[in-house]
Structure formats: structure tokens, C-alpha cells
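Here is a short briefing to read alongside the model.

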Amino acid sequence: MSDPIDSADSSDSPDTSAAQASSDYPRAGLWRRLAALLYDGFLVTAIWFLLGYLMQLVFGTGNELVDGQVQTNALQSNLLFALMLASASGFYIWFWTRSGQTLGMIAWRLRAQSVDNHLLSPQQGLVRWLLAWPSFACFGLGFLWLYLDPNGDALHDRWSGSKVVVLPKSHSPFN
């Protein structure tokens, strides 16, 4: 697996003191998580706009007016949906496995990491992303679980072996 996060910040024993420092960070609450999700939602939406624009450049609109109703090309619609799904999952999994932080998480000083304080593996990132959608879609019950969980983890955190922690104000994400 990867090295513990923040190993460059410690001076004694990089592996043990960094893991200890990282494990002492408090778990993120619901409102901070939702704020970071909103920030990331703006970025993902911008990516989707770009994809839609590129699809129109390549294929045209793919729409036509038939008997007063707009008919869309099913192949183009399905391709655009697949690209949107791939770009959204790629966005989150890329950031979670590289630094533990998306851009919204950087703004709100959050980091997703494994329960043993390492960066998420691609498998953990995929499981986390796949389970976060039902957690949110079922009236947010998966996110509300963090109020019942003794560690303050949401359901998708628990099932993916990850946690979201709040970083100290002194943390610099761009080192």
C-alpha cells in the first residue's frame, strides 16, 4: 500500500508519527461534507458542459422536431450519459487516490483516506464513489448514518474502509 499521509511533516519516525498525527484528526461532519460536495458539483457540472459542447461539435445536436415534440438521438444520449458518468467517477477517484482531496475538499480542509491513514486505493475509491450515490439518493440516509456511527463515518465510508477527516488550519495541500 502507499505511505502514510503527511509523512513529510514529521521529524521523528515518519511512518509512526505521521500515521498517529493523521489518526488524531476529527471526522468531518455532515454540513462540511455537503459544502465540499456542492463545490465539487460546480466543477463536475462544468466538465459536463464541456463534454456536451464537444459532443455537439462532433455529432451536431442530434435533435429534431417531429410533430411538435423534440426527438433525440438515443445513441448520442447514451454516449453522453456514459461520458458524464465516467468523467464524474474519474474526477473523484483521481483526486481521492492521488491526494485524498478534491478541490471542494481542499476548500473545506477535508481529506478522504483509508482507516489506516493511507491514501485510498483505486478499488476503495471506486467502492466509495459507487456507494456514495445510493447513500445520497435514499434521502441522505447513508450520510445521516454518521450521526449514529460511533466513529462518525457515513455508510459509504464504512463499507469502503475509508474516512473523511478535517485537517488543521495549518495544513497546506499544495506541498
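The notes below start with the pocket and then turn to the helix.

This is a predicted model. Its largest pocket has a volume of about 480 Å³, and α3 (74-98) is one of the helices that supply at least two residues of the lining.

**The largest pocket**
- Of the 24 lining residues, Leu-37, Tyr-92, Trp-96, Ala-132 and Phe-143 are the closest to the pocket centre.
- At least two lining residues come from each of α2 (30-59), α3 (74-98) and α5 (122-137).
- The top contributor is α2, which gives 10 residues to the lining.

**Helix α3: length and ends**
- Where α3 starts, Asn-73 places a side-chain oxygen within 2.9 Å of the backbone nitrogen of Leu-75.
- Just past the other end of α3, Gly-100 has a positive phi of about 85°.

**Helix α3: what is buried**
- The buried residues of α3 are Gln-76, Ser-87, Ala-88, Ser-89, Phe-91, Tyr-92, Ile-93, Trp-96 and Thr-97.
- Their cover includes α2, α4 (103-107), β3 (110-114) and α5.
- Tyr-92 and Trp-96 link the two topics: both are buried residues of α3, and both are among the residues closest to the centre of the largest pocket.

Technical notes
Residues numbered from 1 in each chain as written. Predicted model: local features only at pLDDT ≥ 70, side-chain atom pairs only at ≥ 80, totals over all residues. Heavy atoms only, no water. 1 Å grid on protein atoms, 1.4 Å probe; cavity = no way out; pocket = protein on both sides within 12 Å on 5 of 7 lines; lining within 4 Å. Points joined across faces, edges and corners; volume = space filled by probe spheres on them. Helix = DSSP H or I, 4+ residues; strand = E, 2+ residues; numbered from the N terminus. Buried < 20%, exposed > 50% of the residue type's maximum accessible area, 1.4 Å probe, protein only. Contact = heavy atoms within 4.5 Å. Polar contact = N/O pair within 3.5 Å; in protein donor to acceptor, adjacent residues only side chain to side chain.
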